[in-house]
Amino acid sequence: MSGATMVLLIYGGAALAGIMLAEAFYLLYAGSKEKRQAINRRMKLQGEQKLTQEQVLIQLRKERGVEGSPSSLSLHGLRVLRAQSGLTVPLPRFLISTTVAAFAAAFGALTVGVPPLFALFAAPALCLMLPFAVLRNLRKRRHKRFGIQLPEALELITRSLKAGHPVPVAIAMVAREMPDPIGTEFGVVADEVTYGSDLVSALHNMFERVGHEDLPLFVTAVSIQSTTGGNLREILDGLSQVIRERGKLRRKVRAISTEGRISAYILSAVPVLLMAGLMALMPQFYGGTWDKPMTWYLLGGTVCWLLIGNAMMFKMANFRF
């Protein structure tokens with residue numbers, strides 16, 4: 001290994017260690033400070049910015065793309081993804097950021113010797129795929145947190161109903177007592193009911209904003225109870241148990257299918273690690289091929305086939321129920 005390669009590895013390790021320390025500092029101090037100040041974003045807006053309940057409702061609806069005219073820069077699917085991901089950045093600004101990142105990646109590829117034609121086709125493809133990839137990842141993380149919080153929220157509503165509170169008051173208690181994402185979403189429901197919307201419509205609006213697969217069970221239970229009557233406390237008590245069991249089954253299936261996902265990770269990492277090892281140990285091994293356009297076309301085809309193989313393996317290891 002050459003001295004320059006060793007220096008680069010040392011600098012890379014130092015930079016990675018610095019990033020990890022900065023992230024640890026933020027999680028230990030900034031995150032705990034924010035939690036002490038406000039339990040969720042809705043209460044933070046009410047406390048720090050001194051907004052009224054109506055102003056907070058309007059602000060949250062605008063951030064989620066619910067209120068106001070739809071942006072001409074977005075498609076319907078992108079608007080739905082943006083709302084369900086919990087992203088508070090305006091959609092045009094988000095699209096501009098992803099476009100700049102895509103062209104920056106293409107320019108960086110040009111600087112390392114990628115053929116201009118390859119970079120010219122890669123930049124528009126990244127501009128189209130990057131927003132959807134980022135929003136899908138954000139929505140997946142948000143749905144995971146929401147699914148963990150939903151049984152706790154239903155149990156809190158059940159205890160509030162046992163104490164004699166009406167359903168809107170019980171939902172408002174969830175908004176006060178639970179963190180994001182479920183705290184703010186139930187808070188929007190409580191505010192919409194306060195300003196004239198019926199409970200069923202407010203819950204349907206929450207499902208459109210969140211899109212979690214377990215949420216229709218709660219919305220349907222409240223809708224049926226509001227039209228036909230019945231003991232909502234017992235219904236929600238059983239519903240929380242059902243959702244918990246669904247979560248257990250989902251985690252069990254994920255544990256069983258871990259082998260397939262790990263195989264995909266290993267098969268994807270082996271070519272990259274092998275190439276990185278050869279470049280570190282024998283930099284001259286690929287020295288005569290980097291300036292050949294066919295090299296980059298073959299590498300692009302290899303990456304495409306690798307992605308197709310990963311997609312097939314993850315499809316076989318993913319169970320929907």
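A salt bridge here is a side-chain nitrogen of Lys or Arg within 4 Å of a carboxyl oxygen of Asp or Glu. Keep that in mind. Arg 142, Glu 185, Glu 192 and Arg 209 are linked in a network of such bridges.

First, the overall picture. What you see is a predicted model. The chain has 321 residues, and 31% of them count as buried. How many helices and how many strands are there? There are 13 helices and zero strands. So much for the list of elements; now the contacts. Residues 24 or more positions apart account for 61% of them. The accessible surface comes to about 19800 Å². Carbon and sulfur atoms hold 67% of that surface.

Now back to the salt bridges. The structure holds eight of them. Start with Glu 185 and Arg 142. Their closest N and O atoms are 2.8 Å apart. This pair links distant parts of the chain. Glu 185 sits in helix α8, residues 182–194, and Arg 142 sits in helix α6. The two are 43 residues apart. Are they buried or exposed? Both Glu 185 and Arg 142 are buried.

Next pair: Arg 244 and Glu 155. Their side chains meet in a salt bridge at 3.1 Å, N to O. Again, distant parts of the chain are linked. Arg 244 belongs to helix α11, residues 232–256, and Glu 155 to helix α6. Arg 244 counts as partly exposed because its relative accessibility is 30%. Glu 155 is partly exposed too, with a relative accessible area of 24%.

Stay with Glu 155 for a moment. Which residues does Glu 155 touch, not counting those up to four places away in sequence? The answer is Ser 240, Gln 241 and Arg 244. There is also a distance to Arg 233. The C-alpha atoms of Glu 155 and Arg 233 are separated by 9.3 Å. Along the chain, these two residues are 78 apart.

A third bridge is a local one to look at. Glu 245 and Lys 248 meet at 3.8 Å, N to O. They are three residues apart in helix α11, so about one helical turn separates them. Glu 245 counts as partly exposed, at 45% relative accessibility. Lys 248 is partly exposed as well, with a relative accessible area of 49%.

Now Gln 84. This residue lies in helix α4, residues 76–85. Gln 84 is buried, because its relative accessible area is 9% and buried means under 20%. What is Gln 84 in contact with, leaving aside its neighbours within four places in sequence? The list is Arg 64, Arg 139, Arg 142, His 143, Glu 208, Arg 209, Val 210 and Gly 211. Arg 142 and Arg 209 are both in the salt-bridge network.

On to helix α5, residues 91–111. It has 21 residues. From first C-alpha to last, α5 reaches 30 Å, close to the 30 Å expected at 1.5 Å a residue. Which residues of α5 are buried? They are Leu 91, Phe 94, Leu 95, Thr 98, Ala 102 and Ala 106. Why do these count as being on the same side of α5? Because they cover an arc of only 110° around the axis. What covers them includes α4 and α6. On the other side of α5, Arg 93, Ile 96, Val 100, Phe 107 and Thr 111 are exposed.

Last stop: the surface. Leu 117, Phe 118, Leu 120, Phe 121, Met 294, Tyr 297 and Leu 298 form a nonpolar patch there. Together they have about 740 Å² of accessible area. Where does the patch come from? Helices α6, residues 116–162, and α13, residues 293–317, each supply at least two of its residues. The largest share, four residues, comes from α6. Take Leu 298 as one example. Leu 298 is placed in helix α13. At 55% relative accessibility, Leu 298 counts as exposed, since exposed means over 50%.

How values were computed:
Residues numbered from 1 in each chain as written. Predicted model: local features only at pLDDT ≥ 70, side-chain atom pairs only at ≥ 80, totals over all residues. Heavy atoms only, no water. Patch = residues over 30% accessible without salt bridge, like charges linked within 9 Å, V, L, I, M, F, W, Y side chains within 5 Å. Areas by Shrake-Rupley, 256 points an atom, 1.4 Å probe, with all protein chains shown as cover. Buried < 20%, exposed > 50% of the residue type's maximum accessible area, 1.4 Å probe, protein only. Contact = heavy atoms within 4.5 Å. Expected span 1.5 Å × (residues − 1). Arc of directions from axis to C-beta.
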